[in-house]
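Take a look at the structure below. We will walk through it step by step.

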Amino acid sequence: MTARSRLLDYLLLGIGAWLAWLALFQWAGPEALSPPGATLRRASEYLASGPFWGHAAATGLAFFYGCLVALIGGLALGFALGAQRLAGQVGEPILSSLYSIPKITLYPVILLVFGLGISAKVAFGALHGIFPVALFTIGALKNTSPVLVKTARVLRLTPVAAARTVLLPAALPEIVTGLRIGFSATLLGTLIGELFASDQGIGFMLIRAMEAHKVLDIMALTLLLFAFAALANSLLLAGERRLHRQ
Amino acid sequence: MTRVRLWQLGIVGTAVIALELLCRLGIINRFTMIPPSEMVLALGRVVATAPWFWPDVRYTLGNLAAAIALSAVGGLLIGLAVHAVPRLRRALDPIFTSYYAVPTFVLYPLLIVFFGIGPASLIVLGALFGIVAMIVATMTAIDRIPVVLLKVARASRLGIWRTALLLKLPAASPHLMTGLRLAVAYSVIGIIAGEFILSTEGIGRRVALAYNNFDNQTMYALLVLILAFAISVNAALGAFEQALHRRWYRS
């Protein structure tokens with residue numbers, strides 16, 4: 001498959017999505033949906049405006065801290081539980097039930113504990129991201145070939161040296177998958193935190209648009225968010241595929 | 001296995017007791033969190049005395065069932081259709097993988113305009129949450145059908161429908177089950193989130209009301225209920241999924 005035909009695919013998909021959107025707009029009416037052209041214009045207006053970037057920076061900062069906590073915490077938890085068989089067997093089901101709970105219901109608890117502001121957003125983002133990172137790390141370590149583990153033991157590597165030179169490189173591709181999913185989850189958590197508990201950020205802009213029922217603003221912001229998430233995700237996915245090939 | 005169970009029980013038990021002590025000793029103040037034992041007692045009181053409890057549970061569960069059915073069936077059909085066109089699938093891939101990073105429920109107000117406040121908006125929101133997990137799982141499931149099975153089908157001269165029904169469906173069932181479990185989990189999130197934001201009935205609505213009225217007893221009681229429900233449903237489906245995986249991939 002050449003790059004050109006792939007480009008053509010994306011172009012066709014774009015045209016198809018545009019037509020589907022137009023049809024949906026005709027059907028649902030301007031009260032429920034905004035037309036694609038106007039939405040794109042509003043999105044580009046946002047990108048050119050100063051206040052938008054102020055909100056984006058607030059979201060970005062909270063997202064950055066949330067990612068940091070989720071990635072470091074998740075990796076530490078994953079390595080601690082994944083390195084030993086019993087610990088993994090005990091911890092993995094607990095983590096996966098925590099992963100499965102509808103975390104949005106915990107938002108009152110987070111608000112009561114952290115109050116309004118950036119710490120609640122970071123906490124909510126990290127709460128979403130930490131479990132997938134930990135679970136994928138445990139899975140990656142569990143699937144590491146026993147031969148590698150034995151080799152490390154034969155060479156009498158210390159646990160830290162074994163983790164750094166043998167386990168980590170072997171498990172890296174799957175860990176990166178976990179990081180990518182953790183990244184998405186943290187973004188979602190941060191935005192949800194902003195929806196409910198903030199006076200700035202993209203989530204705050206969204207909730208304001210929701211309350212004033214500005215359909216065009218909601219759609220334009222959603223479009224921008226989706227574009228950002230899809231772009232970041234594609235980049236991480238490309239990196240991941242390169243790792244898997246090695 | 002029993003040793004693992006004992007450890008798990010010990011860890012969860014210790015966590016609950018620690019939380020209880022922290023609350024009782026006043027290190028976590030009562031306005032932030034009530035002790036776990038009180039949460040359970042409060043839940044008992046709500047179940048026994050609140051006149052809204054059973055109607056709201058019925059409302060939420062009914063919507064949830066409809067959302068799960070929609071996302072499971074819709075996701076299966078869309079997954080089959082997209083899988084049949086590899087180019088479409090490759091083009092849609094970035095959308096599927098980044099779908100869950102966007103808070104879909106920002107579209108909820110638009111759904112309300114379209115469907116009105118009520119079950120229909122909630123069901124569509126829940127289905128929007130769950131459907132993509134099912135689509136992706138369906139495509140994975142078809143990918144993982146062992147080639148040898150298809151050869152067996154050809155060798156035994158099975159028709160398209162009998163191949164699909166007798167070989168493909170059972171072989172794909174473990175991954176379909178994964179998709180169903182995720183669709184259920186996401187639909188729960190969608191329905192509860194929708195009820196939180198704007199609804200006239202439902203358990204999520206009751207949590208929001210209790211939070212706004214500083215009624216921590218009711219709020220934590222309902223949170224315990226929702227979490228217990230989500231965890232046990234997930235555990236049950238997970239156990240079924242594991243059994244299917246073992247049946248197909250270890251024998």
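This is a predicted model: local features need pLDDT of at least 70, side-chain atom pairs count only at pLDDT 80 or more; totals for chains, interfaces and linings use all residues.

Begin with chain B. It holds 10 helices and 0 strands. Read from the N terminus on, its elements run α-α-α-α-α-α-α-α-α-α. The C-alpha atoms of chain B fill a box of roughly 70 × 55 × 30 Å, taken along the principal axes. Chain B has 251 residues, and 39% of them count as buried. Now consider its contacts with a separation of 6 or more. Residues 24 or more positions apart account for 76% of these in chain B.

Next, pick out two helices. Two packed helices are described by the angle between their axes and the distance between the axes. Take helix H3 (residues 53-84) and helix H9 (residues 203-212), both of chain B. Their axes come within 8 Å and cross at roughly 125°. That angle makes H3(B) oblique to H9(B). Which residues meet here? From H3(B) come Asp56(B), Val57(B) and Thr60(B), and they meet Ile203(B), Gly204(B) and Arg206(B) of H9(B). By class, this contact has 2 nonpolar, 2 polar and 2 charged residues.

Finally, turn to where the chains touch. The contact takes 40 residues from chain A and 41 residues from chain B. On the side of chain A, several helices each supply at least two residues, among them H1 (3-28), H8 (159-196) and H10 (215-245). Which helix of chain A gives the largest share? H10(A) does, with 10 residues. By class, the side of chain A that touches chain B has 29 nonpolar, 9 polar and 2 charged residues.

Terms used
Residues are numbered from 1 along each chain as its sequence is written. Chains are lettered from A and ligands numbered from 1 in the order in which they are written. Axes are lines fitted to C-alpha atoms, for helices over the stretch in contact, and angles run from 0 to 180 degrees between N-to-C directions. Helices (H or I, at least four residues) and strands (E, at least two) are DSSP runs, numbered from the N terminus. Angles under 35 degrees count as roughly parallel, over 145 as roughly antiparallel, 65 to 115 as roughly perpendicular and the rest as oblique. Two residues are in contact if their C-beta atoms, placed from the backbone, lie within 7 Å. Ala, Val, Leu, Ile, Met, Phe, Trp, Tyr, Cys and Pro count as nonpolar, Asp, Glu, Lys and Arg as charged, and the others, Gly among them, as polar. A residue is buried if 20 or more other C-beta atoms lie within 10 Å of its own, exposed if 12 or fewer, and partly exposed in between; C-beta atoms are placed from the backbone.
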